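The structure is shown first.

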Amino acid sequence: MKSRLATLVLTLGLAACQSENPYVASSSPLPPAPAQAANTLDLSAYPAAPRDYGRYRDWAWLNGQLPVGSTWADPAQIAEAVSNGLDQRGLRPGRNPQGADLYVSAELHPETRLRQVRDDDYDPYYGGYRNGYGGYATVPVVRTYQEQVIVVTVSLFDGRSGQPVWSARAEAAVAGDQAQRGKALRDAVQGALSTYPPA
């Protein structure tokens, strides 16, 4: 039975190979190019020229407005931290805000993160985890806790075209008092600006 079925399939396969191919190769000529094609350069066919970040020397706030403050920092604190970070990268505040090379915007908002800490306090002498954790089963203890962070986003726009040039964000953990909040703000701004200018 199986051999008859195999013979039938093989016979049908060979018969299909003997028939004519219904597909015929044909092509139509390309239409002629438009008349203006010889005189027009299509820039979309080429990659954009690399941006020269060295030509940016000074900056001003986008729309002449300081960043919006929050419960963690007022607008002047955010503006000072961003200004100091830009100054470290060779960008100076512009004397004429309408003619600045770059326009800067910054945003700050608090968020809550869940963090996990793993206690890998394994002691091979005792053959397990110390302080009674894990017993002899060698299981680490994983603790989950909430942490308050501030997220800073810094965006730069070209002064001539208004097009976005660069943007980055970073976060820093926030503790309770005002001095530690100021340090967290500076750390977040430095983290965001650490990738400028892009390599």
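## Basis and sheet

Two strands pair if DSSP finds at least two bridges between them; strands (E, at least two residues) and helices (H or I, at least four) are DSSP runs, numbered from the N terminus. The model is predicted, so local features need pLDDT of at least 70 and side-chain atom pairs count only at pLDDT 80 or more, while totals for chains, interfaces and linings use all residues. Residues are numbered from 1 along each chain as its sequence is written, and side-chain values use heavy atoms, without hydrogens and water.

An open sheet of 5 strands has the order β2-β1-β3-β6-β7, with mixed pairing. At its edges stand β2 (92–93) and β7 (164–173), each with a single partner strand, so one side of each has no neighbour in the sheet. β3 (residues 102–119) pairs with β6 in the antiparallel sense over 18 bridges. S155 in β6 is the bridge partner of S105.

## T153

T153 lies in strand β6 (residues 141–158). Leaving out residues up to four places away in sequence, T153 touches S105, A106, E107, S167, A168 and R169 (contact: heavy atoms within 4.5 Å).

## Helices on the sheet

Helix α2 (residues 75–88) lies across β1 (58–61), β2, β3 and β6, at about 100 degrees to β3. Helix α3 (residues 178–193) touches β3, β6 and β7, and its direction makes about 145 degrees with that of β7. Axes are lines fitted to C-alpha atoms, for helices over the stretch in contact, with angles from 0 to 180 degrees between N-to-C directions.
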